[in-house]
Amino acid sequence: MKTHISSLKEFNTFGIDVLANNFNKAKNEDEILHFLIENKCNPLILGGGSNILFKNNINKPILKIEIKGIQIIEENENSIYVSVGAGENWNDFVRWSLAKNYGGIENLSLIPGNVGSAPIQNIGAYGAELKDVFHSCRAISIDNKIIKTFIKDECNFTYRSSIFKEKLKNKYVISRVTFRLSKTNHVINSEYKPLKNLLNERGIITPTIQDISKLVIEIRTNKLPDPKKIGNCGSFFKNPIISNLKFKNLFKKFNTIPNYKISKNEVKIPAAWLIEECGFKGKIEGKTGTHKKHALVIVNNGGASGEEIYKFSQNIKKSVLKKFNILLEEEVNIFE
Ligand code: EPU
């Protein structure tokens with residue numbers, strides 16, 4: 001359904017006020033197909049707008065996915081398979097699962113955005129990743145309009161990425177995602193240090209999935225700004241992964257550098273630490289800056305333009321490269 005719209009401000013959590021001249025919404029797969037047939041030129045597919053930075057007005061056709069519905073499609077003694085419309089809000093789905101005592105996504109509580117975008121960047125937080133509960137998704141090919149089901153093995157999930165962000169970038173529109181959640185014997189994932197510490201502090205020895213969700217929400221709200229109050233897209237950059245050798249050399253110079261071994265040959269470094277060390281934590285520059293409680297979160301302090309935020313992010317990148325010889329990679333999608 002085509003609507004006349006002037007501003008995209010309420011459709012991106014950075015709150016950037018850019019204009020669009022061809023804005024459409026789809027409530028089902030037929031409407032997606034109809035849009036793709038009508039608009040042949042490389043459209044912009046929009047979910048919850050929580051991982052996107054608009055630099056300029058958008059002249060290409062936009063399709064916002066608003067497919068709703070949460071349906072259990074299969075269940076056995078231990079698990080349920082639930083198909084969720086791509087346009088469902090992610091946290092609403094988490095809350096639905098917790099209310100029914102279905103486990104697997106409690107650590108991913110309060111992540112902004114919609115269900116359809118979640119597999120694209122394999123959302124993750126507090127020791128869990130979407131791929132752990134992902135079963136399959138339905139997606140429509142933008143080129144030939146064929147609907148395909150992608151099973152987990154076809155999605156090439158890696159840290160904050162998938163086939164939909166790499167080889168098949170801008171090639172498919174995800175319409176539904178099927179998750180496998182636990183009904184009984186929930187696997188409690190409490191290894192993430194701040195979560196573990198908080199559980200100890202509260203004396204919770206055998207946490208329920210609801211306890212985990214509650215504490216994750218507490219940690220998130222203490223550290224990360226609410227996009228409804230301060231425009232932001234969560235982590236602006238990915239945490240860089242570097243070789244053991246590069247890490248060894250860095251460690252000689254910066255021996256407090258936090259690091260997480262992720263494979264035999266690679267180490268992950270928190271981008272927030274690198275940015276903070278470059279003096280950017282809580283820095284305000286014009287209408288943008290980084291959040292005072294988290295250096296990895298770039299914020300719109302009110303009325304910032306996409307260009308201004310982008311320039312600021314590139315200054316951060318330059319400083320980190322100069323000091324640590326590490327090139328940060330954006331987690332946020334940037335639209336020219
Ligand atoms: N740190 C700093 N300065 C800061 C903040 C953090 O030095 O201002 C260092 C600390 O050493 C801290 C470490 O960075 O221990 C990690 O910080 P945090 O636990 O906040 O996690 P993160 O690596 O910065 C990742 C995800 C977040 C997710 C959290 C929690 C990425 C790019 N980001 O952040 O996801 O919520 O872990 O699991 O992987 C998002 O993707 O938008 C997002 C918020």
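Which residues does asparagine 300 touch, not counting residues up to four places away in sequence? In this predicted model, the contacts of asparagine 300 are Phe14, Gly15, Ile16, Ile230, Gly231, Lys287 and Ile309. Asparagine 300 belongs to strand S19, which spans residues 294-300. Its relative accessibility is 7%, so asparagine 300 counts as buried. One of the residues it touches, Phe14, also provides a polar partner: a polar atom of the asparagine 300 side chain lies 2.9 Å from the backbone oxygen of phenylalanine 14.

Helix H2 covers residues 90-99, and seven of these ten residues are buried, so the helix is largely enclosed by the rest of the structure. The buried positions are Trp90, Asn91, Phe93, Val94, Trp96, Ser97 and Leu98. Both strands and a helix contribute to their cover, which includes strand S6 (70-75), strand S7 (79-85), strand S12 (172-182) and helix H4 (209-223). At the N-terminal end, H2 is capped by asparagine 89, a side-chain oxygen of which lies 3.0 Å from the backbone nitrogen of asparagine 91. Asparagine 91 is itself among the buried residues of the helix. Just after H2, asparagine 101 adopts a positive phi of about 65 degrees.

The cysteines were examined next. The structure contains zero disulfides. For cysteine 137, the nearest cysteine sulfur is that of cysteine 155, at 4.9 Å, and cysteine 137 is in no disulfide.

On the surface, Ile241, Tyr260 and Ile262 form a nonpolar patch. Together these residues have about 280 Å² of accessible area. Tyrosine 260, one of the patch members, lies in strand S15, which comprises residues 260-261.

Technical notes
Residues are numbered from 1 along each chain as its sequence is written. This is a predicted model: local features need pLDDT of at least 70, side-chain atom pairs count only at pLDDT 80 or more; totals for chains, interfaces and linings use all residues. Side-chain values use heavy atoms; hydrogens and water are left out. Helices (H or I, at least four residues) and strands (E, at least two) are DSSP runs, numbered from the N terminus. Buried means under 20% relative accessible area, exposed over 50%, partly exposed in between (1.4 Å probe, protein chains only). A polar contact is a pair of N or O atoms within 3.5 Å; within protein, one must be able to donate a hydrogen and the other to accept it, and residues adjacent in sequence count only if both atoms are side-chain atoms. Contact means heavy atoms within 4.5 Å. A disulfide is a pair of cysteine sulfur atoms within 2.5 Å. Patches are made of residues with over 30% relative accessible area and no salt bridge: like charges are joined within 9 Å, nonpolar side chains (Val, Leu, Ile, Met, Phe, Trp, Tyr) within 5 Å. Accessible areas come from the Shrake-Rupley method with a 1.4 Å probe; for residues, only the protein chains shown count as cover. A salt bridge is a side-chain nitrogen of Lys or Arg within 4 Å of a carboxyl oxygen of Asp or Glu.
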